[in-house]
Number of protein chains: 2
Amino acid sequence: MVSFTATALEGIPLVQPGDDLAPLITASLTQMGLGLTDGDVLVVTSKIVSKAEGRSVRLKDVMPGDEARQYAQVTGKDPRLVELVLRESNTVSRVARGVLVTEHRLGFVSANAGIDQSNTADGDEGALLLPEDPDASAERLRADLQTRTSATIGVVLSDSHGRPFRMGNVGVALGVAGLSALLDLRGDTDLFGRRLQISMVGYADLIASAAALVTGEGREGRPVVLLRGLPPTTESGRASDLYRAAEQDLYR
Amino acid sequence: MVSFTATALEGIPLVQPGDDLAPLITASLTQMGLGLTDGDVLVVTSKIVSKAEGRSVRLKDVMPGDEARQYAQVTGKDPRLVELVLRESNTVSRVARGVLVTEHRLGFVSANAGIDQSNTADGDEGALLLPEDPDASAERLRADLQTRTSATIGVVLSDSHGRPFRMGNVGVALGVAGLSALLDLRGDTDLFGRRLQISMVGYADLIASAAALVTGEGREGRPVVLLRGLPPTTESGRASDLYRAAEQDLYR
């Protein structure tokens, strides 16, 4: 039977700077009677990884530059937040009232460079940057969990993004370890021997979206989701496999 | 426990024009010992709905007009296929070698108006249009299945789309019945009472992407996926809830 289950882990406490996520995750799994088995994929919101890695910033400690002040005027956003967005970005791709879309230094395009102001203890003064290197964070967490459980697993660090053309946020993979980020089906054929028209699948983004169905947005209470039963892929994917270079982007 | 399962139905035969999908689906469910229960969501590829509705066209029956011939030259595509794309579209939004992105008459933006040339028995001469009215198709299938099973369920007609900014296709909802397409969380607060920054969730697209993890792309062998365990939503969603009007599209 081709089937998988997605289960939100329970009892993950509010993550603090310096926390080690692997023992929090294995404790939850043990409490739930689940453990880890080969082929499991853990989807972890990038938010708790950021918190564990101490990526929170207080806006009062940020001095906005001239460029940030200018974009702040156009967007109506706090100039200190805009300063953080610019520091985290390669280029600004869209600016309007309430809107600041950039290409993040990691290579993807998103609003506000993924900087999150909800669920931080500092209120309006708090801002949480994305992990420094989400693929490396995913790989580290994978290694820690594999050492603790002896299972060969995959890890996806997830976030949720708005998108062109369609309303509503969906899940995206910002960090990938131990599985394919992008499935390349070029050369595969259909039932009648024709070459497939759909030849690339945003696999780790599908995984992040599946997990988002149980993560919820509001309460940060379910930041880790276990996917069990997915077919094995190669183990060498990276989130950047999913980033479309601007010059190859025929949809923009 | 917050958890759902996604299970591909087995034994769905190759769908033919005029086929009634509901008995094919219930026969598969019975054979698998599954049945349907309240809150189940069935994700059905729009492709088999198109086939059942007789939406296949032979290219040799299509006479391309002047506009189609022009776009065919730029894109390198078959002018008869381009003619079909134009007939199914409101506007052309992007044209390049190998690329024809349009706003479909249904309101979403996609490549080739969702016209599919794989897994049709007519080889290079076959083309499959999307269902005439996917929300109505979803609603009809939902009603048929509910009559047969007495369960209150949701139905999503799914397709897979390329997208700006990111590589790889992901699942999208083209037809929705019996559940929310878009979750509106505006007004919800986080753990610390702050208003959520992520306030709209592309819920039916998340469902389509979760199902895509087990559907596969190649063989049309698993065109129906049962999702069990999702929390209930309102029952009044429509796929068009997910289509972002161009003038409100701050990502384009």
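A: Ten strands make up an open sheet of mixed pairing, in the order E9(A)-E8(A)-E2(A)-E12(A)-E1(A)-E1(B)-E12(B)-E2(B)-E8(B)-E9(B). Strands (E, at least two residues) and helices (H or I, at least four) are DSSP runs numbered from the N terminus, and two strands pair if DSSP finds at least two bridges between them. The model is predicted: local features need pLDDT of at least 70, side-chain atom pairs count only at pLDDT 80 or more, and totals for chains, interfaces and linings use all residues. Residues are numbered from 1 along each chain as its sequence is written, while chains are lettered from A and ligands numbered from 1 in the order in which they are written.

The edges are strand E9 (170–177) of chain A and strand E9 (170–177) of chain B, each of which pairs on one side only. From one strand to the next, the twist averages 25 degrees; angles run from 0 to 180 degrees between N-to-C directions, with axes fitted to C-alpha atoms, for helices over the stretch in contact.

Within chain A, strand E1 (residues 3–8) and strand E12 (residues 224–228) pair in the antiparallel sense over four bridges. Here A:Ala6 stands opposite A:Leu227 in E12(A). Helix H6 (residues 203–215) of chain A packs on the sheet, touching E1, E2, E8, E9 and E12 of chain A together with E1 and E9 of chain B; contact requires C-beta atoms, placed from the backbone, to lie within 7 Å. The direction of H6 of chain A makes about 120 degrees with that of E9(A).

In chain B, helix H5 (residues 134–149) lies across strand E2 (41–45), strand E8 (154–161) and E9, running at about 65 degrees to E9(B).

Notes. Contact = placed C-beta atoms within 7 Å.
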